[in-house]
Amino acid sequence: MSHAPVTVVGIGADGWPGLAPGSREALRAAEVVVGGPRQLDLLPEDCTGERVPWPSPLRPAVPGLLAAHAGRRVCVLASGDPMFFGIGRTLVDVLGDPARLRVLPHPSSVSYACARLGWPLDDTEVVSLVGRPLGALVTALHPGRRLLVLSAGAGTPAEVAELLTARGFGPSRLTLLEQLGGPRERRAEGPAEGWPHPPGDALNVLAVECRATPGAPRLPLTPGLPDDAFEHDGQLTKRHLRAVTLATLAPAPGELLWDVGGGSGSIGVEWMRAHRSCRAVAVERDPVRAGRIARNAEALGVPALRVVTGAAPVALAGLPTPDAIFVGGGLTAPGLLDACWEALPGGGRLVANTVTLESEALLTEWYRRHGGELTRLAVARAVPVGGFTGWRQAMPVTQWSVTKPRGPVAEPVQGELQP
C-alpha cells in the first residue's frame, strides 16, 4: 500500500503573508492541518482542512495521530525551518522514510536573527534550550564567541542572564529578539549582569556576545580540565592522567561511553564535552558519589550524562551498547571485565586504569589474552623542599587499552609487557 507524503510547511511570525505560493497551495489543498494552536490561528478561512492541534506531550502522540488520518492529505505546520530543531526530524523518525515527507521550509529564527545582527550564520553557535536543561549552555561559553539561544519561553532570557553572571560572564552583551519577521517584532539589549528587562513574548531568540570577567574560570574543550573544576572527595582521575585516558578512549561524535566506577564522573563529563552528540553512562555504587557525578555534569555543561547507581557488573545489565568503556574502579570485582568485554561490540574500545598490584596482575592477564597496549604512566609535580624545590611523585598508574576485534574472536595474543 502506497502512502501519500506528509507535507510539512514552515511558517514564521509573519504568518500567511510571509508564505511562498507553494506553501499556501499545500495548505489550501490539505484535508487535515496539524499544528500548534498559535500556528493554526495564522491560517485564513479558505484553508478548509480539518484543524488538529498537537496534543501534549507531542512526540509519543505522533504515530497515533498520523495513523488516525492515514489516506488523507495531511499538512503539518512548523515554526520556521522544520528540519532545524523542528518537528521535521521527529516525523522522519516516525515515518521511517524521508520520501514520505515533503518539507517546505521558511527562514528560521536563527537566519532572521543573524540578518538583524549582521552576524555570519556559519560562525555563530546555536544552542537550543527548548526541552533541554539550562546547563546545556555552559559548554558554549568562551570569551569572544557569539551564541544564539533558542528560548523555551518568556522566562528564558532572565534565566540565561543569571547563569552567565554566575559563571563569570556577567559582562556579556545580550540582545533579545522577539517575534522575528512578524509585525510585532521587538528588540531589547543589555548586559547579562543586572539584566533589566521583564519577561516579554514567549517566541524569542537571545543573542549572546560572550565576555568574561578577569577571574572567570577557563574551561577549555580539550581533555584535562583543572582538577578543581570538579567537585570530588579524592576519587578523581587527575588532570594529566585524565587527558591521556580521554585521548586513548578517542571519543567521536555520537558515540556512547560506559564510565564504570564513576567516582566524580570526570571521564564521562569530559567525554561528553568532546562533542555535543557524545553520550555517557556513569555507573557508581556509592549514592553520595552518584549525586556528585550528576552535579558535576550539570555544572560543566553536560546535564544529559546518565548516572546509574549500583555495583558493577550487575548494574551494567540492560544498558545500551557502548562504543567505549572506561573502568576506573572495582577491577577485581568478580566478572566485571568479563561483562564489559561481552557488552563491547567489535571495534569497541576498552580502557582500564589501576594503581594496585592486584588489579595490575589482572590487567596483565587480560593483556596476554587479548593484546592491546599496557602502559605505565607516572606524573611528578614540583613542590617546596625547605627553601628549595623538588619533585613529588604520584602513584604510578597502569593502563590497559584494547580494541575488540570485529568478526570471529582472534586467537589469544602472547605479548611482552611494555614499560
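Trainee: Which exposed residues does α11 carry on the face turned away from its buried side?
Mentor: This is a predicted model: local features need pLDDT of at least 70, side-chain atom pairs count only at pLDDT 80 or more, and totals for chains, interfaces and linings use all residues. Numbering runs from 1 along each chain as its sequence is written, and side-chain values use heavy atoms, leaving out hydrogens and water. Exposed means over 50% relative accessible area, buried under 20%, and partly exposed in between (1.4 Å probe, protein chains only). Opposite the buried side of α11, the exposed residues are Leu357 and Glu358.

Trainee: How far does helix α11 reach from its first C-alpha to its last?
Mentor: Helices (H or I, at least four residues) and strands (E, at least two) are DSSP runs, numbered from the N terminus. The expected span of a helix is 1.5 Å times one less than its number of residues. For α11 (residues 357-370), with 14 residues, 20 Å is expected, and the reach is close to that, at 20 Å.

Trainee: What arc around the axis do the buried residues of α11 cover?
Mentor: The buried set is Ser359, Glu360, Leu363, Thr364, Trp366 and Tyr367. The arc is taken from the directions from the helix axis to the C-beta atoms. These residues sit on the same side of α11 because their arc is only 170°.

Trainee: Which elements do the buried residues of α11 pack against?
Mentor: Contact here means heavy atoms within 4.5 Å. By that test, the buried residues of α11 pack against α10 (336-343), β15 (349-354), β16 (373-377) and β19 (397-403).

Trainee: Which residue just after α11 takes a positive phi?
Mentor: Most residues other than glycine have a negative phi, and most peptide bonds are trans. The phi just after α11 is about 80°, and the residue is Gly371.

Trainee: Where does Phe85 lie, the residue that has a positive phi although it is not a glycine?
Mentor: The phi of Phe85 is about 55°. Phe85 is partly exposed, at 42% relative accessible area. Its place is the loop between β4 (74-79) and α4 (87-95).

Trainee: Is Gln179 buried or exposed?
Mentor: Gln179 is not a glycine, yet has a positive phi of about 50°. It lies in the loop between β8 and β9. With a relative accessible area of 8%, Gln179 is buried.

Trainee: How many residues apart in sequence are the parts that Arg28 and Asp46 tie together?
Mentor: A salt bridge is a side-chain nitrogen of Lys or Arg within 4 Å of a carboxyl oxygen of Asp or Glu. Whole-structure search gives 19 of them, and Arg28 and Asp46 form one at 2.9 Å, N to O. Arg28 lies in helix α1 (residues 21-29) and Asp46 in the loop between α2 (37-40) and β3 (50-53), so the pair ties together parts whose separation in sequence is 18 residues.

Trainee: Which residue pairs with Arg184 in a salt bridge?
Mentor: Arg184 is exposed, at 55% relative accessible area. The closest N and O atoms are 3.6 Å apart, and Arg184 bridges to Asp201.

Trainee: What volume does the largest cavity have?
Mentor: On a 1 Å grid over the protein atoms alone, a cavity is a set of points where a 1.4 Å probe fits but cannot get out; a pocket is an open set with protein on both sides within 12 Å along at least five of seven lines, and lining residues have an atom within 4 Å of a point. Grid points are joined across faces, edges and corners, and a volume is the space filled by probe spheres set on the points. There is 1 cavity of 30 Å³ or more. The largest cavity has a volume of about 40 Å³.

Trainee: Which elements each supply at least two residues of the lining of the largest cavity?
Mentor: The lining includes Ala158, Leu176, Glu178 and Trp195. Supplying at least two lining residues each are α6 (156-166) and β8.

Trainee: Which residues lie closest to the centre of the second largest pocket?
Mentor: This pocket holds about 1,100 Å³ of space. Its lining counts 42 residues, and the closest to the centre are Gln235, Leu236, Thr237, Gly328 and Gly329.
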